[in-house]
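Please examine the sequence and the model below before reading on.

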Amino acid sequence: MPGGLAAVVERADPQARRPYNGKIVAATEHHALQQVGANKFIVHERDKSASQVLTVGKNATITYGQAAALQPDRDKSKGKGFQR
């Protein structure tokens, strides 16, 4: 990459039991790519993460082994709770 910056892409670790927070930048039937840092991305296997709707371009919290909630869309969620 120009300027010596390289993107880091890692697979999600279902054993870590920690949430992954960030924007969903791509999704297929089987995988989702989430940007969790300036140059860091996580690949999720959708059948291993908590069942949820993932929308490209929206922020999400993805966890393993427990239910996860999407982060509210701050402009649209006033008084409406979490968007799903």
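A polar contact is a pair of N or O atoms within 3.5 Å; within protein, one must be able to donate a hydrogen and the other to accept it, and residues adjacent in sequence count only if both atoms are side-chain atoms. Such a contact links the side chains of Thr61 and Asn21 (2.7 Å). The model is predicted, so local features need pLDDT of at least 70 and side-chain atom pairs pLDDT 80 or more, whereas totals for chains, interfaces and linings use all residues. Residues are numbered from 1 along each chain as its sequence is written, and side-chain values use heavy atoms, with hydrogens and water left out.

Thr61 lies in strand 5 (residues 59–62), a strand being a DSSP run of E of at least two residues, numbered from the N terminus. Thr61 is buried, with a relative accessible area of 15%; buried means under 20% (1.4 Å probe, protein chains only).

Gly22, in strand 2 (residues 20–27), is also buried, at 12%. Beyond its neighbours within four places in sequence, Gly22 is in contact (heavy atoms within 4.5 Å) with Gln34, Gln35, Lys58, Asn59 and Ala60. Gly22 and Ile62 are 40 residues apart in sequence, yet their C-alpha atoms are 8.7 Å apart.

The 5 strands form an open sheet of mixed pairing, ordered 1-4-3-2-5; two strands pair if DSSP finds at least two bridges between them. Strand 1 (8–11) and strand 5 stand at the edges with a single partner strand each, so one side of each has no neighbour in the sheet. Strand 1 runs parallel to strand 4 (residues 40–45), joined to it by 4 bridges; Glu10 has Ile42 in strand 4 as its bridge partner.

Technical notes. Buried < 20%, exposed > 50% of the residue type's maximum accessible area, 1.4 Å probe, protein only.
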